[in-house]
Amino acid sequence: MDKKFRQEREAALNEIQTAIGKKITELAIANQAAMPNRPEGLLLPEHVQTYETFRWPAAISFAAGDLKEEKSLKEIFSRVSARYEGKDLKQILGVADDFARSPAAKLDGRTSAFEDVLKVLDVAERDFDLTYKPLTRSMLDYWHKKHPIDDQHLEYAYRENQRYYMKESIKAMREFLTDLQAGKPAPGVAPKPPKP
């Protein structure tokens, strides 16, 4: 990577982190206003939706930070995929396509940064079934109070809610990052005037 490529890449990663920070603040404000005020707390689907809504912007911010520190893609993917978890990342083979870069990403630092961050979402979504961790006994007991069904159905409901809301959140993050890369303003934000 030459100096110009590195500068473009670092600038794009900084831009991603800044934009994601603003996005998380917007989500927090919107979520607080929409949150039902019930003393018994959220139902399972509401809880999972909230968790996944904030999980993926945070994952993107961590990925951008890791990329700025020039951590390996294997290490970055290990945050979101059980396929890449392990003590010795050199022993993990992974999926060849996860490490392939487009011709444009090999030449342009900005494209490279966005492509790598978007791959984190692709890997996470693809590897959901490998990565999903079943509910613990204490979590099952907690959710039984709100949803009095047997363990097997409760586990299925949690897993499928998590799959659904993960996909929804990842889709929103992909669109957000694609628009950011293209220079499109966020909804409700006035476009920047062109430079003279």
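This is a predicted model: local features need pLDDT of at least 70, side-chain atom pairs count only at pLDDT 80 or more; totals for chains, interfaces and linings use all residues.
Local features need pLDDT of at least 70 and side-chain atom pairs count only at pLDDT 80 or more, while totals for chains, interfaces and linings use all residues. Residues are numbered from 1 along each chain as its sequence is written, and side-chain values use heavy atoms, with hydrogens and water left out.

Rings of Phe, Tyr and Trp (its six-membered ring) are taken as a pair if their centres lie within 6.5 Å; planes under 30 degrees apart are stacked, over 60 edge-to-face, and the rest tilted. That rule gives six aromatic pairs. Phe77 and Tyr84 make a tilted one, because their ring centres sit 5.3 Å apart with the planes at 55°. Phe128 and Tyr132 are tilted too, at 5.8 Å centre to centre and 45° between the planes. Ring pairs also tie Phe77, Tyr84 and Phe99 into a cluster.

As for burial (buried is under 20% relative accessible area, exposed over 50%, partly exposed in between, with a 1.4 Å probe and protein chains only), Phe77 and Tyr84 are both buried. Phe128 and Tyr132 are buried as well.

Thr136 has 42% relative accessibility, so this residue counts as partly exposed. Thr136 sits in the loop between α7 (128-131) and α8 (137-146); helices here are DSSP runs of H or I with at least four residues, numbered from the N terminus. The Thr136 side chain makes a polar contact with the side chain of Ser138 at 3.1 Å. Such a contact is a pair of N or O atoms within 3.5 Å; within protein, one must be able to donate a hydrogen and the other to accept it, and residues adjacent in sequence count only if both atoms are side-chain atoms.

Methods
Helices (H or I, at least four residues) and strands (E, at least two) are DSSP runs, numbered from the N terminus.
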